[in-house]
Amino acid sequence: LENAMNAIKPIDSIKPIESPANWKSADLSARSDWIYRLSDAEVAEMEAALRSVRARGLDFTEITRENFPLERFPALVEKVHDYIENGPGIFMIRGLPVDRHPVADLRMLYWGLGKYLGVARSQSAEGDHIGDVRDLRIPKDSPAFRGYQTSGGGVFHCDTCDVAALFVLRTAKAGGISLVASSIAIHNEILRTRPDLLEVLYQPFTWSMLRQERPGEPKYYQQPVFSMHEGYFCCRLVRPHITLAQRFPEVPRLTPKQIEALDLFDELVARPDFQLATNFQPGDLQFCNNHVAMHARTSFEDYEEEDRRRHLLRLWLSVPNSRPLSPLMGHIYKDRRPGAVRGGFESRVPGRVVFETTGAETVVT
């Protein structure tokens with residue numbers, strides 16, 4: 001950390017960030033170029049690839065671009081990569097055929113598409129590569145509790161990867177609205193109104209590893225909310241991870257200034273003019289560049305019937321056109337070079353890949 005401290009920007013050098021990813025809700029809601037609806041031909045090609053791997057009895061771990069052939073999808077992938085890195089930082093694909101396939105086949109389809117989009121990263125030390133975003137009714141005091149597997153509303157946050165991808169299988173009876181916000185817009189507003197607090201957000205906070213560390217590794221680490229490196233901006237904020245680090249007595253207490261800065265961030269991102277509702281529909285596939293866009297969701301009321309309950313699949317992706325990252329981001333991302341395979345939580349069991357988590361049961365391949 002001491003060797004990386006020169007990466008912290010003094011307040012007099014911080015400037016407003018000009019970027020296509022600097023937007024407010026009115027800007028993006030007036031556009032539709034970041035939303036793409038699949039054609040019948042594209043859907044038919046995806047379903048043919050799915051039938052092919054099913055007919056051959058291939059396992060998840062055996063799927064490659066070569067045995068999941070898609071001629072049209074690579075051109076769309078180029079657009080996705082461009083929009084999430086050089087555009088608004090989010091992109092939506094609509095029209096995936098969720099209504100005519102069982103969930104097991106949709107997982108396989110999602111994994112096959114993922115082979116074109118990037119490299120999937122493990123979402124926990126358990127090695128899960130496809131996360132199930134649904135209410136598993138796990139008590140909050142359980143060691144297995146994770147916020148995305150509840151019906152409660154989630155705070156705006158950045159996932160621990162370059163790109164978060166969500167595949168909507170079913171929506172809730174009510175609520176569960178997906179929200180996105182530009183962290184660059186938040187940055188620029190804090191610079192305009194409270195530059196003294198912006199400087200605090202460029203300095204390291206102590207974060208909890210939330211039991212995702214491997215044996216012998218520290219239970220916490222230091223990382224700023226904002227960083228700049230080689231002209232590229234990065235935001236990473238999951239406030240509960242910072243709050244939970246305070247349970248370690250040796251960790252420095254959050255200062256009043258740090259708390260004020262985090263409170264201001266929360267206040268701004270909660271404003272309607274900063275957050276955009278993406279109006280999830282079954283068959284949607286949403287991408288967020290975690291370095292420039294944050295996401296959250298509202299609480300929801302679900303159906304009683306299990307086969308109607310809200311269900312999304314999540315991939316954490318490392319993409320080939322990602323940006324370089326500051327040395328201050330090295331603990332989580334390790335390899336900070338642009339386009340590197342990075343992010344996620346390294347599995348405690350090397351080689352373990354989990355594709356389905358259902359609470360009491362885990363299927364491993």
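Modeller: A salt bridge is a side-chain nitrogen of Lys or Arg within 4 Å of a carboxyl oxygen of Asp or Glu. This is a predicted model, and by this rule the count comes to 19 salt bridges.

Biologist: What makes the contact of the side chains of Arg54 and Asp105 a salt bridge?

Modeller: The N to O distance between the side chains of Arg54 and Asp105 is 2.7 Å, and the rule asks for a nitrogen and a carboxyl oxygen within 4 Å, so the pair counts as a salt bridge. This pair links distant parts of the chain, since Arg54 belongs to helix H2 and Asp105 to helix H4, 51 residues apart.

Biologist: What makes Asp159 and Arg314 a salt bridge?

Modeller: The closest N and O atoms of Asp159 and Arg314 are 3.9 Å apart, and because the cut-off is 4 Å, the pair is counted as a salt bridge. Here too distant parts of the chain are linked, with Asp159 in the loop between strand S5 (154-157) and S6, and Arg314 in strand S17, 155 residues apart. Asp159 counts as buried at 6% relative accessibility, and Arg314 is buried with a relative accessible area of 6%.

Biologist: What separates Glu189 and Arg192 in helix H5?

Modeller: Glu189 and Arg192 lie three residues apart in helix H5 (residues 183-193), which means that about one helical turn separates them. Their closest N and O atoms are 2.7 Å apart, and they form a salt bridge. Glu189 is buried, with a relative accessible area of 10%, whereas Arg192, at 61%, is exposed. A network of salt bridges that share partners joins Arg194, Asp196, Lys257 and Glu260.

Biologist: How do you know that strand S8 is largely enclosed by the rest of the structure?

Modeller: Five of the five residues of S8 (residues 178-182) are buried, so the strand is largely enclosed by the rest of the structure. Ser178, Val180 and Ser182 point one way from S8, while Leu179 and Ala181 point the other way, and all are buried. In a regular strand the side chains alternate between the two faces of the sheet.

Biologist: Which strands are joined to S8 by bridges?

Modeller: Five bridges join S8 to strand S15 (residues 293-297), and three bridges join S8 to strand S13 (residues 275-277). Pairing takes at least two bridges between two strands, so S8 pairs with S15 and with S13. S8 runs antiparallel to S15 and antiparallel to S13. Ser182 has Ala293 as its bridge partner in S15, and Val180 has Leu276 in S13.

Biologist: Which residues of the largest nonpolar core touch the most other members?

Modeller: Among its 55 residues, Phe73, Phe91, Ile93, Phe167 and Phe287 touch the most other members. The largest share of this core, eight residues, comes from H4. Apart from it lies another core, of 46 residues, among them Leu201, Tyr202, Leu237 and Leu325. Not counting residues up to four places away in sequence, Ile93 touches residues including Tyr36, Phe73, Val80 and Phe287.

Terms used. Residues are numbered from 1 along each chain as its sequence is written. This is a predicted model: local features need pLDDT of at least 70, side-chain atom pairs count only at pLDDT 80 or more; totals for chains, interfaces and linings use all residues. Side-chain values use heavy atoms; hydrogens and water are left out. Buried means under 20% relative accessible area, exposed over 50%, partly exposed in between (1.4 Å probe, protein chains only). Helices (H or I, at least four residues) and strands (E, at least two) are DSSP runs, numbered from the N terminus. A nonpolar core is a set of buried Ala, Val, Leu, Ile, Met, Phe, Trp, Tyr and Cys residues joined through side-chain atoms within 4.5 Å. Contact means heavy atoms within 4.5 Å.
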